[in-house]
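Colleague: Please give me a close look at one part of this model. Which residue does UniProt list for "active site", and what does that residue touch?

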Amino acid sequence: MSVTSNNAPSATVSSPRLQEFLSTPQRLFIDGQWVESSSGRTFNTYDPATGNKLAEVAQGVEADIDAAIAAARAVFNEGSWVSMRPNTREELLFAISQKIQEWADDFAELEALDNGKPLGIAAAFDVRSAADCFRYYAGWPSKIQGSVNNPSMILAPVEAEFHSYTRREPVGVCAQIIPWNFPLLMAAWKIAPALATGNTVVLKPAEQTPLTALLLGKVLKEVGVPPGVVNIVTGYGDIGAALSSHADVDKVAFTGSTEVGKKIVESVKGNLKKVSLELGGKSPNIVFADADIPSAVAGALQGFTLNSGQACEAGTRVYVHEDIYDQFNAQLVEAVKQLNIGPGTDPTSDITPLVSEEQLDRVVGYLNQGKTDGAQAIVGGNRWGDTGYYVEPTVFTNTTPNMSIVQEEIFGPVAISIPFSSEDEVITAANDSEYGLAAALWTKDLSRAHRVASRLQAGSVWVNTYHALDSQLPFGGYHQSGWGRELGPESIELYTQVKSVTIAL
């Protein structure tokens, strides 16, 4: 496995805008203004490649959540935002997309520094996809429609002609809680459809990676999003809990772990607010004997190493037909050994640091547990270096179904390779999981592709590819991978509610 040094400090920030941004204590964005936390407290965010401080960020408390929700409620109830002409709303969302593209280099560099991900991935995937998401939903405000009906009105108290129709209306104040693995992109997935449908937002970024969400706040203010429509409160889990349980919130949208998702479900019972959840995964990646092996190896590698494995849909359970099992594994090991390990700001880095020391300890714990349980690491298997939060990309064999590395989401560049002999066998094994976020299969047989795709219990199924996401395609999971679907037309449903109107003529 080739390496680049991780002992040097992070690269010098290249953008004057970012230099100013990082040198200034970051505040909360409430009612269109940048304000200090009401407690006066702050916390630091760190470069995971070095452990060095990046920025000082305001630590919001419950009083700040109250203020943000009050601002969102006031502008929603006042009515001018909700009743904004569809074409005006479209222009505003399109302007956000354009501004993200204009600041693309800044967003990419900041994401690489704060999250640790490769700069090239941040630019080509995170920032580009975030801009595309706002652009996609910019087309929706003029296309949110109801229906006209011709009812019988059997229960009507009088005989009359009736005209009935339905309306799709915004839900109201939306609490949005996003994770640290794709901070800017997850903010876009949440905010864009909420604004397209006329809702107001209180966004809580992950405390590990709050910076691109705050930079996005500057974009929203610059393009003219009205005060109070989007509010951003940074801090720890206590304010996330205060936000999700707040009586004046109408909907919660959460992306993160299944464990926290279950806590959010408990917290929303007070006023039965709507909730959508995009949670964990342990996705199967199935390689049939007739697959193009080099393509499948490349796809499996991308499946579990993209973003250093810190992706909820990562293909971490690789099932390989027994006829090609040894050949596939040998090629996969060689591919892993060619990966460069280093900071995200180094353009040659393929595997970059995990987001935090806490996450490093979690992943290393799984590596050690896997070896203790009897699994064999045919490549990797350890922490890498002594500076920054790196682990070696790892492939385990000789596993059993009950091992923690087989059943649990690791959230690092760790995969298991498992042989299978028949189609029915591998489908049963692939579906033997509490999760159901994504799955993939590799085959040249078109009939098999459709047949297996229909039987896999996953919200997204990819054939001869992996991580194929688009703003038009719904994303979400079966089982404990969540409730609801983000992206595509389905996200419009998450942020609207239907009203029936009936008129006696």
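Modeller: I start with that site, then place it in its surroundings and in the whole chain.

First, the basis. This is a predicted model, in which local features need pLDDT of at least 70, side-chain atom pairs count only at pLDDT 80 or more, and totals for chains, interfaces and linings use all residues. Residues are numbered from 1 along each chain as its sequence is written, and side-chain values use heavy atoms, with hydrogens and water left out.

The residue is Glu278, listed by UniProt for "active site" in an unreviewed entry. UniProt positions are given in the numbering used here, feature names are shortened, and annotations may be inferred rather than shown by experiment. Glu278 sits in strand β11. Strands (E, at least two residues) and helices (H or I, at least four) are DSSP runs, numbered from the N terminus. The relative accessible area of Glu278 is 3%, so this residue is buried. Buried means under 20% relative accessible area, exposed over 50%, and partly exposed in between, with a 1.4 Å probe and protein chains only.

Now the contacts (heavy atoms within 4.5 Å). Setting aside residues up to four places away in sequence, Glu278 touches Phe254, Thr255 and Gly256, and also Cys312, Leu437, Phe475, Ser481 and Glu486. Two of these partners lead on to Ser460. Leu437 and Phe475 touch Glu278, and they touch Ser460 as well. Ser460 lies in strand β18, residues 460-463. Ser460 is buried, at 10% relative accessible area. Ala438, Ala439, Pro474 and Gly476 are also among the residues in contact with Ser460.

Leu272 is exposed, at 72% relative accessible area. An α-helix has 3.6 residues a turn, so residues three or four places apart point the same way.

Asn307 is buried, at 3% relative accessible area.

Phe304, Leu367, Ala377 and Pro413 are among its contacts, leaving aside neighbours within four places in sequence.

The UniProt annotation "domain: Aldehyde dehydrogenase", from an unreviewed entry, covers residues 34-501. That stretch is 39% helix and 19% strand, with its end C-alpha atoms 41 Å apart. The protein has 16 helices and 20 strands. Its radius of gyration is 24 Å, close to the 23 Å that the globule rule gives for 505 residues, so the protein is as compact as a globular protein of that length. The radius is taken over C-alpha atoms, and the rule is 2.2 Å times the number of residues to the power 0.38. Buried residues make up 57% of the 505. Of the contacts with a separation of 6 or more, 74% join residues 24 or more positions apart.
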